Amino acid sequence: MFLGHYGLAFAAKKIAPKVSLTMLFVAVEFVDILWPFLLLFNIETVKIHPGFTEVTPFEFVHYPYTHSLFMGIIWGLIVGGGYWFFKKDVKSAVIVGLAVLSHWFLDVVVHIPDLPLTPFGDFKVGMGLWNYKMITVLLESIIFFGGVYIYAISTKAINAQGTWGLWIMTGFFVLANAYNMFGPPPEDNIMMLFVSFVVLQVIVLGLAWWVDRNRVGK
């Protein structure tokens, strides 16, 4: 799941207007932001196997600290609690925490059975939608464009940047997802993966900050 996570973040802006789009992006992608660092230090493990599924060449061998349901709850409590500590806004903090947890529930739809329930056992789940590329593209597109639409009608541009910036960001997501789906597989090199993931997150969060600062809630 890639576009779907961000689609949910866009949509969440309607019920959490006080939370910046950047923060919502961080929340839905928190475990994926943390994941490359755990790969770098060999705490979690991934392998590149072209053709492993129709959608992704990633074989997620070991990632219970970022992608188990149990840790999703823990990370949600930590991030949501941290947001409350600084903002003292209970409703927004709850939504931020749930956004963190949502990552696991969206992932379980597309992943093969490689998502652990806890870091302490071997039982793993996954519905395996990644074995069907076009269905995956359709589902993610519905969630993503639905979320963008909700964000667009729930906010209004305060200048030209707020209008065409949203189009630019949407276009970037579409192109990035198309490359992920149909482009060549990445090198089986942890440092290269780390750099590519970090660069992607910096670009995405930068775009979110730029767009959101030029739009306001209706």
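Predicted model: local features only at pLDDT ≥ 70, side-chain atom pairs only at ≥ 80, totals over all residues.
1. The largest cavity has a volume of about 40 Å³, and a search of the whole structure turns up one cavity of 30 Å³ or more. Its lining is made by Val 31, Thr 66, His 67, Ser 68, Gly 72, Val 100, His 103 and Trp 104. Helix H4 (64-67) and H6 are the elements that give two or more residues to this lining, and H6 supplies the largest share, three residues. By class, the cavity lining has three nonpolar, five polar and no charged residues.

2. Is His 103 buried or exposed? At 2% relative accessibility, His 103 counts as buried. Leaving aside residues up to four places away in sequence, His 103 touches His 5, Val 28, Glu 29, Val 31, Asp 32 and His 67. Of these, Glu 29 is 74 residues from His 103 in sequence, yet the two are 6.9 Å apart in space, C-alpha to C-alpha.

3. Now to helix H1 (3-15). The buried residues of H1 are Leu 3, Gly 4, His 5, Tyr 6, Gly 7, Ala 9, Phe 10, Ala 12 and Lys 13. What covers them includes H2, H6, H7, strand S5 (155-157), H8 and H9. With residues up to four places away in sequence not counted, Tyr 6 touches Phe 25, Glu 29, Phe 144, Phe 173, Gln 201 and Val 204.

4. A search of the whole structure finds one salt bridge, in which the side chains of Lys 13 and Asp 212 meet (3.2 Å, N to O). Lys 13 lies in helix H1 and Asp 212 in helix H9, so the pair ties together parts that are 199 residues apart in sequence. Both Lys 13 and Asp 212 are buried.

5. On to nonpolar packing. The largest nonpolar core has 36 residues, and those that touch the most other members are Tyr 6, Phe 10, Leu 21, Phe 25, Phe 144, Met 169 and Phe 173. Two or more residues of this core come from each of H1, helix H2 (21-28), helix H3 (30-40), helix H5 (69-87), helix H6 (90-110), helix H7 (133-154), helix H8 (160-182) and helix H9 (190-212). There is also a second, separate core of 20 residues, which includes Met 1, Phe 58, Phe 60 and Tyr 63.

6. If you are thinking about open space, the largest pocket holds about 1,000 Å³. Which of its 37 lining residues are closest to its centre? They are Thr 56, Phe 58, Asn 180, Pro 186 and Phe 197. The elements that give two or more residues to this lining are H3, strand S2 (58-62), H6, H7, H8 and H9, with the largest share, six residues, coming from H9. By class, the lining divides into 19 nonpolar, eleven polar and seven charged residues.

7. Finally, the second largest pocket has a volume of about 170 Å³. Lining this pocket are Phe 145, Val 148, Tyr 149, Ala 152, Thr 163, Leu 166, Trp 167, Thr 170 and Arg 215. H7 and H8 are the elements that give two or more residues to the lining, which has six nonpolar, two polar and one charged residues.

How values were computed
Residues numbered from 1 in each chain as written. Heavy atoms only, no water. Core = buried A, V, L, I, M, F, W, Y, C linked by side-chain atoms within 4.5 Å. Buried < 20%, exposed > 50% of the residue type's maximum accessible area, 1.4 Å probe, protein only. Helix = DSSP H or I, 4+ residues; strand = E, 2+ residues; numbered from the N terminus. Contact = heavy atoms within 4.5 Å. 1 Å grid on protein atoms, 1.4 Å probe; cavity = no way out; pocket = protein on both sides within 12 Å on 5 of 7 lines; lining within 4 Å. Points joined across faces, edges and corners; volume = space filled by probe spheres on them. Nonpolar A, V, L, I, M, F, W, Y, C, P; charged D, E, K, R; others polar. Salt bridge = Lys/Arg side-chain N within 4 Å of Asp/Glu carboxyl O.
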